[in-house]
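Let's take a walk through this protein together. Have the sequence and the 3D view open, and follow along as we go.

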Amino acid sequence: MGVPILVVTLGSKIVERKKLDQEVISIGRAQENDIVINNLSVSRYHAVIYNKGGRVVIKDLGSANGTFVNGSKIDESELWIGDAVLIGKHLIKFSRDEESRTEDSVAFQDEGGTVMVDARTQEKLLEKLKNDPFKVARLILSDGREVEINSDYFTVGKGNGSNLKIDGFFIKNPHAKIIKLPDGSYRIISMGSFLRPSTVNGNKVKERVLRDGDIIKIGGNEMMFVMSRK
């Protein structure tokens, strides 16, 4: 995988693409920021994205309208491939470098102080973020098959009643379920037995939020959870 990239959009227009190739990237309306968003809903120094012990983290700098990750307002949050950040009226998508791009761009004029985004507009933007078609959840199986998680309540287990049918001794029906949460993230809930627990990245789990690239193992069945474009 290449260097991750931040894709700044307003509506259907791509404003900027910025490779995550430096320790700290500042975002705001002031011209000295690394990502300049000249829109009055964005504070002059709105947020920073930085490397924290090998993790990519975004931190709000006390902005007027706040910073949201996958629909949830944050002070500081780790970012994962596929996450969508809302700053003012702009979406910043944390993407793989090789994902598709367009050449559209748009410029804006800075006219002074930060303008507050009204609650109704912000609610619409957050709803769009939560249902962003940019993010599609899939399971990539060890045999190369890809299965889209196309239900808010996706089950994995033995038998035709499961969305993803798997075989093996002591596999239940369902053995695990993957639930889409209101903020757009996905949580796995294990319903397996002591003899066949569900694991994520080698650790036994009863319940946890899934991240892009997590390796799920149920019995002898291994699969990768991926968030990506359609």
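## A pocket and the strands around it

Strand 8 (72-74), strand 9 (76-78) and strand 22 (221-228) each give at least two residues to the lining of the largest pocket. This is a predicted model, in which local features need pLDDT of at least 70 and side-chain atom pairs count only at pLDDT 80 or more, while totals for chains, interfaces and linings use all residues. Residues are numbered from 1 along each chain as its sequence is written, and side-chain values use heavy atoms, with hydrogens and water left out.

How much space lies in the largest pocket? About 260 Å³. A pocket here is an open set of points on a 1 Å grid over the protein atoms alone, where a 1.4 Å probe fits, with protein on both sides within 12 Å along at least five of seven lines; lining residues have an atom within 4 Å of a point. The volume is the space filled by probe spheres set on the points, which are joined across faces, edges and corners.

The lining holds 21 residues, and Asn 70, Asp 83, Ser 185, Val 209 and Arg 211 lie nearest the centre. By type, the lining divides into nine nonpolar, six polar and six charged residues. Ala, Val, Leu, Ile, Met, Phe, Trp, Tyr, Cys and Pro count as nonpolar, Asp, Glu, Lys and Arg as charged, and the others, Gly among them, as polar.

## Strands and their partners

The chain has one helix and 22 strands. Both are DSSP runs numbered from the N terminus: helices are H or I with at least four residues, strands E with at least two. Strands of a sheet pair through backbone hydrogen bonds, either parallel or antiparallel. Two strands count as paired if DSSP finds at least two bridges between them.

Here are some antiparallel pairs:

| Strands | Bridges |
|---|---|
| Strand 1 (residues 5-10) and strand 2 (residues 13-19) | six |
| Strand 7 (residues 67-69) and strand 10 | three |
| Strand 10 and strand 11 (residues 90-95) | four |
| Strand 17 (residues 186-190) and strand 20 | three |

Strand 1 and strand 2 form a hairpin with two residues between them, and Gly 11 in the turn has a positive phi of about 65°. Along this pair, Ile 5 stands opposite Lys 19 in strand 2.

Strand 10 has partners to explore too. Val 85 in strand 10 is the bridge partner of Val 69, while Ile 87 has His 90 in strand 11 as its bridge partner. In the hairpin of strand 10 and strand 11, Gly 88 takes a positive phi near 60°. Ala 84 and Leu 86 point one way from strand 10 (residues 84-87), Val 85 and Ile 87 point the other way, and all are buried. Buried means under 20% relative accessible area, found with a 1.4 Å probe on protein chains only.

## A serine in a loop

Where is Ser 162 placed? Ser 162 sits in the loop between strand 14 (153-157) and strand 15. Ser 162 counts as buried because its relative accessibility is 10%. Its side chain makes a polar contact with the side chain of Asn 173 at 2.6 Å. A polar contact is a pair of N or O atoms within 3.5 Å; within protein, one must be able to donate a hydrogen and the other to accept it, and residues adjacent in sequence count only if both atoms are side-chain atoms. A polar atom of the Ser 162 side chain also lies 3.3 Å from the backbone nitrogen of Gly 157.

Definitions and conventions
Buried means under 20% relative accessible area, exposed over 50%, partly exposed in between (1.4 Å probe, protein chains only).
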